[in-house]
Amino acid sequence: MGRPTEVSDAPAAPSTGGSWDLRSRALVSGPSAAGEPEPGPQRDAADPAGAAGPSGVPARAPEIARTASARRLSASRRGPADPVKSLMHRHRELCERAVDPLEVAAGLEAHGVTDRTAARYRHRDVFSLAEELFARVPGVAANPATGPEAPERDIATRAAWSLRALLPGAACLATVGALGFTEGTLEGRARLAVALAGALLAAAGLALALRSGPLHAEGRSSGAARVYGCWLLGYVLYGEPLLDQVLSGGPEGPWDITPAPLLGLALALAPATWCAHLFSVHAQRRLIGSRALEEFAAGVRPLLFGAIALHLCALAGLLYLAHLGYGGGGAFAGAAALGVLLLLARLLTVHGFPGLAAGGLAFACAAEALAPALVLAGRLPGLHFLARPVDLLVMTSGTGSVPAIACGGAALGLLVAATVVLSRASAHTTARPVDEGPVVA
Amino acid sequence: MRIGLLTDGGYPHANGESGLWCDRLVRGLAQHEFDLFALSRSAEQEERGWVPLPIQVGRVRTAPLWTADEDVPGTRAPRGLLARMVTGGHARPYGRRERQRFTAHLAALAASVCAAGAAGGERDASGGEAAAGGPGGDGRTSATADARFTQGLYGLAELAREHGGLTAALRSETAVRVLEAACRAPGTGRTVQTATVPDLLAFARELDRVLRPLSFDWYDEEGLGAVDLCHATSGGAAALPGLLAKRFFGVPLLVTEYGVQLRAHYLAATGTELNAPVRALLAGFHGRLATEVYRQAAVVTQGNAHARRWQERCGAEREKLRTVHPGMESERFTALGESGDSGPDDTLVWVGRIEPAKDLIALLHAFAEVRKAEPDTRLRIIGAPAPGPEGAAHLAHCRALAAQLFPDEATDAHAVGDNPVSFEDIGGAEVPELPDAYAAGGVVVLSSVTEGFPAGLVEAMFCGRATVSTDVGAVVEVIGGTGLVVPPRNPRALADACLALLRDPERRARLGAAARARALELFTVEQNLAAFRGIYLELISHSPVRREAEAVDADGGPRPFATPPEAHVLGPWAGPGAAPAGRTPSWAAAGPRTVCAGARGAGGGDA
């Protein structure tokens, strides 16, 4: 019926104690007296009266009757005053673990206790015996919250995804290096090929980096979100010159792209991954320790802010380095805002809110596309006023302020949303424990 | 008529648990159509495919219960082109009204489950009255909680049927908040009160798993609405669709439990790593679910009295309970059973799988005592060890003990000796077939310390062998006085009983013949099928199916005799005890069965 669980008196092979040796030696050594004291509690449990059982056999064999009366003597001499006590001792683990008398009953039955056994303990059936056991065994005092422990540190896995997170940055660096090295030796077409190859390599590295580790989203990220991401990154590269040209009556002439912020963003994938990892691990730890949902939410919000701030610092440093190393223009603030926006969107996707993430990205895309569109529309007769806000904005704070406002606004919106939804406990069940092994599919 | 057979991890799948029984049932009752509704337990099980199905199986619908840990998107796509474009086509959560309904129903369910956990100790302190179905000390509280449970369960089912998305909702923060509020409510138990946030999340996950049948697409006019009778082959998850079919379409429900699902849940929960609060909550849920299943089922059948006790304990009414013993193939034992010989006088035989629960140690000690009285006796242990290294290790232990207790013996100084205890396997040279194993001994011994339904004992009874068994599980119920029964773990009593039988061939023959007669009457496949055939007919006669489409002919006119005259009698006329008391003639009041028989004769033409 039920499989026996690991409790002391499970019928097992005589592997540990020497009792079976003793008993067998006694048995083979010669005829033993009827009242011979024998080790082992199961002898106590033998029913003296029901030796033949309720089998309804009309003629009881004489051997059985003799043995039965002899054993009754010994049983009464050694019988404990409280028979349930020994049973309770034997099944203590079961009773302490049980949440319900029926669980005790099920466990007892799995160990072969029947109603007839229960009758020996002066109970009508196993259920009432189990009730007594359940009532008498004190519950484990304030059972400690032994939940799923925080995942063990797994250095190898962490190193693997950390290295993968470095891939896009490395690809970008290599491309930049190759372009700088070949400056003047190769003509434009070959340099374009090198740049394209580098871009493809970086994209492949990004895809690989997002397939495992803390930023892996298990098929939750949608195609739309990917398109938005590509658009935003492309705007980093081409947005500023595009707006410049549109404002100056273009588009015409050679485009002056700004790769430095993109390089910084690519390098910032590694710190972003680590920030997400830290957030996830600490949130899990908080989850295990918390007793109420409010308590958990209050604990997680600072974690989120901390992770985002950490990422922002690292991103700013890397952007500055890229700017120093590469020179050239580029929207510094816009790139920083974009980095934060992308991290927030990814965190939301990972924790089960891909719709919110896609919405935030879509807002940023729309805002960025709106600026040149408004300028172009302003060229139409009678629609000058449409271009005025963009003109004003660019005049006061330069072309870089458009992506800064777009991404910054979207990031702020997503931050507010994340403060609300990522402080929910249910958001942290869908996230896979980070160190649970590589998910290199 | 059309039977909806609900299975859980069983029948049409090749490696199902209750597959053999279901297969026999479906093939044996060929006059009925069967629609199979199967829950599968693992991906591996689905890959293994189905067993070949007979022609009377109409439709088969399967649904997985095992995708629980994956993120199941809701069934409804987001409304509106813009929303879909922006968010990339992810599921839309419930609207405000649906969320309100969901919250209310889940709160009712959670409150009743928490109350069940709390009542655990007290209910059982008030003892047997509750078990006996009488008004216990807190009977009213329990009834209130039961009402809330059903309200919540059916409310959630209706919501899932109308809007889908129950899985996503149960995994949402709303659900966790509702559960937290229910656990912290005054009056819940100490264990439940200590639930932490991970416990709540774990319970929400488990709740989603067990309530998964609510989200299936079985509840339409072509699915469970089209069957005349639901037969759930186990309690728990498999009976849940039956409950809903009864709720939505009024289909009567028959529940067969060969192993009580609640007990299985307790045993399974012992091995899991869930915390005590989660286990308490789950136990409360399963307890309430079992009670509701037993309350709604028209008939509950079980394999033995032990299962019956559990069912009564969970609130099943006695008049609904029928014991239908499992059926076993008896043909191959016929030759041996009819031969009339009572077997060799000097051989005990034990047949079964060699594992610790069978307590071969006690058997060997008992045999040592038998040998002291009758030095020429032999013991043949026939069977394979349990699979795995532990089984092999246990077999080695038993062999070692046998070698230590009994030295090899030879007939004279020049012969090669042999041990009086032999370990053999079926299929070897000595024992080619199972009946040969039983033929090898004069007395068949069963020495288990735990046992469910002792199949080996029934086989021995089919073979007409005298048996000595230990008083465990359903042994006494099965043997019923046609063999000797001794307490478990009592080698001396076992030895005495074996000796008594070995020394008395006449008694052996008498007991063997009686055992065979008893087994043929109770444990054959035919009796099992006959019992279910009768139950099917009885149930369908209590709730005749009237479909509007069948009462009109092709032109839309009424068909003569499509509706039996009883259908025009006011009030429910076929249910037991449902006839209005004031108008029942005295001859009909003797028992509702007379009424049923008449109804079956008149209206059962389609059955």
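Me: In strand S12 of chain B, which residue does B:Val443 stand opposite?
Reply: This is a predicted model, so the pairing described here is that of a prediction. Strand S11 (residues 443–446) and strand S12 (residues 466–470) of chain B pair in the parallel sense over 4 bridges. Within S12(B), the residue that stands opposite B:Val443 is B:Ala466.

Me: In the open sheet of 6 strands in chain B, which strands stand at the edges?
Reply: The strands of this open sheet follow the order S10-S9-S8-S11-S12-S13, with parallel pairing. An edge strand here has a single partner strand, so one side of it is left without a neighbour in the sheet. That description applies to S10 (421–424) and S13 (484–486) of chain B.

Me: And how many degrees does the twist of that sheet average from one strand to the next?
Reply: The sheet in question is the open one of 6 strands in chain B, whose pairing is parallel. Going from one strand to the next, the twist averages 20 degrees.

Me: Which are the edge strands of the open sheet that 7 strands form in chain B?
Reply: In this sheet the order is S3-S2-S1-S4-S5-S6-S7, and the pairing is parallel. The edge strands each pair on one side only, and they are S3 (57–64) and S7 (321–323) of chain B.

Me: Which residue of S7(B) stands opposite B:Val300?
Reply: Strand S6 of chain B covers residues 299–302 and pairs with S7(B) in the parallel sense over 3 bridges. Opposite B:Val300, the residue in S7(B) is B:Leu321.

Me: Turning to chain A, are H14 and H15 roughly antiparallel or oblique to each other?
Reply: The axes of H14 (residues 293–326) and H15 (residues 332–350) of chain A come within 10 Å and cross at roughly 140 degrees. An angle has to be over 145 to count as roughly antiparallel. H14(A) and H15(A) are therefore oblique.

Me: How many nonpolar residues does the contact of H14(A) with H15(A) have?
Reply: Among the residues that make this contact are A:Ile308, A:Leu312 and A:Leu315 of H14(A), together with A:Phe332, A:Val340 and A:Leu343 of H15(A). By class there are 3 polar and no charged residues, and the number of nonpolar ones is 10.

Me: Are H12(A) and H15(A) roughly parallel or oblique to each other?
Reply: H12 of chain A (residues 260–267) and H15(A) have axes that come within 10 Å and cross at roughly 25 degrees. Since angles under 35 degrees count as roughly parallel, the class of H12(A) and H15(A) is therefore roughly parallel.

Me: Which residues of H12(A) make the contact with H15(A)?
Reply: On the side of H15(A), the contact is made by A:Phe332, A:Ala335, A:Leu338 and A:Gly339. The residues of H12(A) that make it are A:Pro261, A:Gly264 and A:Leu265.

Definitions and conventions:
Residues numbered from 1 in each chain as written. Chains lettered and ligands numbered in written order. Predicted model: local features only at pLDDT ≥ 70, side-chain atom pairs only at ≥ 80, totals over all residues. Pairing = 2+ DSSP bridges. Helix = DSSP H or I, 4+ residues; strand = E, 2+ residues; numbered from the N terminus. Axes fitted to C-alpha atoms, helices over the stretch in contact; angles between N-to-C directions. Parallel < 35°, antiparallel > 145°, perpendicular 65-115°, else oblique. Contact = placed C-beta atoms within 7 Å. Nonpolar A, V, L, I, M, F, W, Y, C, P; charged D, E, K, R; others polar.
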